[in-house]
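Biologist: I would like to learn how to read the packing of helices in a model, one step at a time. Could we begin with the terms and then turn to the case itself?

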Amino acid sequence: RIDALRGFAVFGILLINVWGFVYGYTALRYGVVEASASSGDRLAVFFAAAFAEQKFYPIFSFLFGAGFALQMRSLEERSGLETAKRIYLRRLKWLLVIGLLHGTLLWFGDILTAYALTGFWLLTRAGQALPGTLRSLKIAAIVNVLVLLMTAILIAAIASTDDYGADTAVEALLANGVYANGGWIEVARARLSDFGTNIGGFWLFVPRIALLFMLGVATVRLGWLTHPELHRQAWRNILLIGLFIALPFNVWWGYEALGWALDPEMNTRSMHSASFLLDLSGPALAAAYVAVFMLAGERVMTVIGAWLAPVGRMALTNYLMQSALCGLLLPAYGLGLGAVLTRAQLMLVWAGIVLVQILFSRWWLARHEQGPMEALWRRYTYRH
């Protein structure tokens with residue numbers, strides 16, 4: 001069940017990341033959409049914004065925290081707390097190196113670096129009893145409220161400038177020109193610059209990850225994730241909140257995101273309000289996605305798990321492979337598809353990568369215990 005959910009999150013992350021390989025790292029994630037764009041292109045933008053944006057990194061972060069709790073419990077039972085911490089520290093150092101290499105060489109939006117850096121803090125929470133975990137969760141929530149307030153002030157200040165819309169459109173068009181049509185050196189320079197910008201924004205992003213990590217730890221300690229059958233009412237409540245409260249706000253953002261892409265100079269209070277609320281409604285809908293997996297019956301999960309669980313067991317390998325495949329297919333120094341595909345066709349690229357990774361993961365794990373990157377990670381973590 002957890003592996004299948006992780007596989008689902010990997011594909012959801014790709015559904016958002018694939019745009020960056022064509023349209024770059026700008027406020028207009030989906031680029032500038034022409035007025036003559038087809039209904040399929042418009043639907044692709046709306047669907048990604050409404051149902052994927054800000055939904056899947058929360059699930060992946062939540063599961064990282066849950067994995068930490070489960071791994072530390074196992075390590076502590078075998079070797080004691082201090083040895084468990086040393087082993088997990090090696091795991092985080094390896095992840096940090098891979099993240100930095102990934103961000104500089106393949107994908108400016110790398111999340112592994114942020115995970116590793118936040119994981120160093122998470123490791124200081126190891127060995128906490130449940131009350132300590134819940135206290136850390138409350139502190140992380142308070143920090144996030146403060147960061148959200150600061151973000152709202154920054155957004156209001158930036159959006160109030162007269163040239164905000166025009167500057168955003170120019171930035172998006174220039175980024176698209178580089179990532180879709182530029183040579184390898186030109187794209188590499190842009191990627192390094194955007195990766196630096198990504199890291200520079202960690203002060204906004206890391207508190208969210210820390211909160212999601214602690215939520216994952218808490219759900220393991222409370223048994224919600226490991227024994228969902230005992231907490232079905234709690235998961236039903238989460239699903240209802242997601243469907244009846246979070247979903248409408250996410251649909252609103254999908255509508256505003258499409259309108260903004262069609263008219264980048266649009267600078268309305270409605271658009272900025274929807275964007276701000278997405279920081280809350282996105283993760284809330286993500287929680288509803290998790291609830292669906294926790295509430296699904298055994299027969300349904302057997303079918304879903306057969307396709308998604310192998311992907312989740314090889315999550316790191318598949319995440320890095322996605323960047324390599326997008327780098328091969330979309331930029332001009334690769335096959336150059338990013339310059340010629342419509343937005344609807346870009347979704348077909350996403351679907352094709354999903355199919356390839358499902359088949360590859362099933363094939364690989366039929367012959368090996370772990371994915372290739374997972375095996376290297378384990379070898380470094382448990383080296384003597």
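Modeller: Axes are lines fitted to C-alpha atoms, for helices over the stretch in contact, and angles run from 0 to 180 degrees between N-to-C directions. Helices are DSSP runs of H or I with at least four residues, numbered from the N terminus. This is a predicted model, in which local features need pLDDT of at least 70 and side-chain atom pairs count only at pLDDT 80 or more, while totals for chains, interfaces and linings use all residues. Residues are numbered from 1 along each chain as its sequence is written, and side-chain values use heavy atoms, leaving out hydrogens and water.

Biologist: At roughly what angle do the axes of H1 and H11 cross?

Modeller: Two packed helices are described by the angle between their axes and the distance between the axes. Here the axes of H1 and H11 cross at roughly 145 degrees and come within 10 Å. The crossing of H1 past H11 is right-handed, where right-handed means that the near helix is turned clockwise from the far one by less than a right angle, and left-handed anticlockwise.

Biologist: Which residues of H1 and H11 meet?

Modeller: Contact means heavy atoms within 4.5 Å, and Ala 4, Leu 5 and Phe 8 of H1 meet Tyr 289, Val 290, Phe 293 and Met 294 of H11. By class, the contact of H1 with H11 has seven nonpolar, no polar and no charged residues; Ala, Val, Leu, Ile, Met, Phe, Trp, Tyr, Cys and Pro count as nonpolar, Asp, Glu, Lys and Arg as charged, and the others, Gly among them, as polar.

Biologist: How does H3 pack with H11?

Modeller: Helix H3 (residues 56–79) and helix H11 (residues 269–295) pack at an angle of about 60 degrees, and their axes are 8 Å apart. That makes H3 oblique to H11, since angles under 35 degrees count as roughly parallel, over 145 as roughly antiparallel, 65 to 115 as roughly perpendicular and the rest as oblique. Phe 56, Pro 58, Ile 59 and Phe 62 of H3 meet Pro 283, Ala 286, Tyr 289 and Val 290 of H11, and the residues of this contact are eight nonpolar, no polar and no charged.

Biologist: What follows just after H3?

Modeller: Just after H3 comes Gly 80, which takes a positive phi of about 95 degrees.

Biologist: At what angle does H1 pack with H14?

Modeller: H1 and helix H14 (residues 343–365) pack at about 135 degrees, with axes 10 Å apart, and that makes H1 oblique to H14. This crossing is right-handed.

Definitions and conventions
Helix = DSSP H or I, 4+ residues; strand = E, 2+ residues; numbered from the N terminus.
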